[in-house]
Amino acid sequence: MNVVAGVDLGGTAINYTIVNEQEQFLIEGLCEHPALSIQGPEVCLAQIEDGLKIAVELAGVSFDDIVAVGLDTPGPASSSGVLSARGSTNFVHADWSGFDIRKSLEARLSRPVTYLNDGNAGALWGHFTIFGADSRETSVSAVIGTGLGGGVIVEGNVVKGRMGFGGELGHVLVPYQSIAGIDGLHPKCNCGRTGDLESLCSLTAIALTLLPYFLPRYPDHELAKFDSSKAAKFVRGMAEKGDPLCRDVFRVQAHALGLFFDEMVNTFDPDALIIGGGAIETGVDFQRWFIAETRRGMPRQRTEQADIPIHIMPNGDTAGARGAAIEALKFTRAR
Ligand SMILES: [Zn+2]
């Protein structure tokens, strides 16, 4: 039996999945192994191989059945998997600087290895859940977590970009001044921009910008007694229960996302828009409310485009590994 492996190398853990030629995933939930990236490439690549052996056992296949491996990691990295020579938070060991992780893993495993950054892998997973692996459709995925990630799939293929920064959706500017109820707000992002999507639509934005803006309007609110990075973690749960302040916070995020989606509709005329990430790992009712608010935040669409579907991305924890596996599966089919 021929299978393809997906390897999602995160900051502290490696997550694995195995998919067969019928596009069935042979590992249901998380299959994790410690990453040890902090000890440098040699130790980390050995860890990846060790964990892969555990994963194939869990999937009920053998190591020899693996015909290709899809790898994804946090960036910055080139589109072909060369990590930034400037270093990054997840690859602090000096030996990672300018390291070709895709090619090195390929040599170690003696199998073709494909590469995506983690945001783009998540986007490909979201796309796959709607359209399958052989699609020619176009989708845009926004993944709301600590920051805002995601990616763009055009006619079935991930837009990686010239330098590997394709799909850095969090740093796309949105005309936030048109969002109602945030007069005087100046949302700043770590990247230096004011008013990009991440500056309004992320957990960081809740802590740095939205809670400090809204809390003074609710002086007796229970979140006022926490510092804002701690308080930010409670906002989703309280918004789901209907707390007015927390709904205000999520409404602003949804309207910012709506403005961004409107830009994407006019750029790509996509087949689907997809929302993922911790922010909407909630009950279905809250997800529906959030999608409705996102639509409300979009300027009026042309009649032909008004019915563009907005989906929620399933299986958040395994999205990276599964998207990476789909990229490798597409590679084997193209050969
Ligand atoms: Zn930014």
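Mentor: Start with accessibility: buried means under 20% relative accessible area, exposed over 50%, partly exposed in between (1.4 Å probe, protein chains only). Here His171 is partly exposed, at a relative accessible area of 24%.

Trainee: What should I know about the model and its numbering?

Mentor: It is a predicted model, where local features need pLDDT of at least 70, side-chain atom pairs count only at pLDDT 80 or more, and totals for chains, interfaces and linings use all residues. Residues are numbered from 1 along each chain as its sequence is written, and side-chain values use heavy atoms, with hydrogens and water left out.

Trainee: Which protein donors does the zinc ion have?

Mentor: Donors are N, O and S atoms within 2.8 Å of the metal (3.2 Å for Na, K and Ca); water is not among the atoms, so sites may look incomplete. For the zinc ion they are His171 (ND1), Cys189 (SG), Cys191 (SG) and Asp196 (OD), 1.9 to 2.2 Å away. Their spacing along the chain is H-x17-C-x1-C-x4-D.

Trainee: Is Cys189 buried or exposed?

Mentor: Cys189 is buried, with 10% relative accessibility.

Trainee: How do I read strand pairing?

Mentor: Strands (E, at least two residues) are DSSP runs, numbered from the N terminus. Two strands pair if DSSP finds at least two bridges between them. Strand 6 (residues 139–144) runs antiparallel to strand 7 (residues 148–154), with 6 bridges. Val140 has Val152 as its bridge partner in strand 7 and stands opposite Leu273 in strand 9.

Methods
Helix = DSSP H or I, 4+ residues; strand = E, 2+ residues; numbered from the N terminus.
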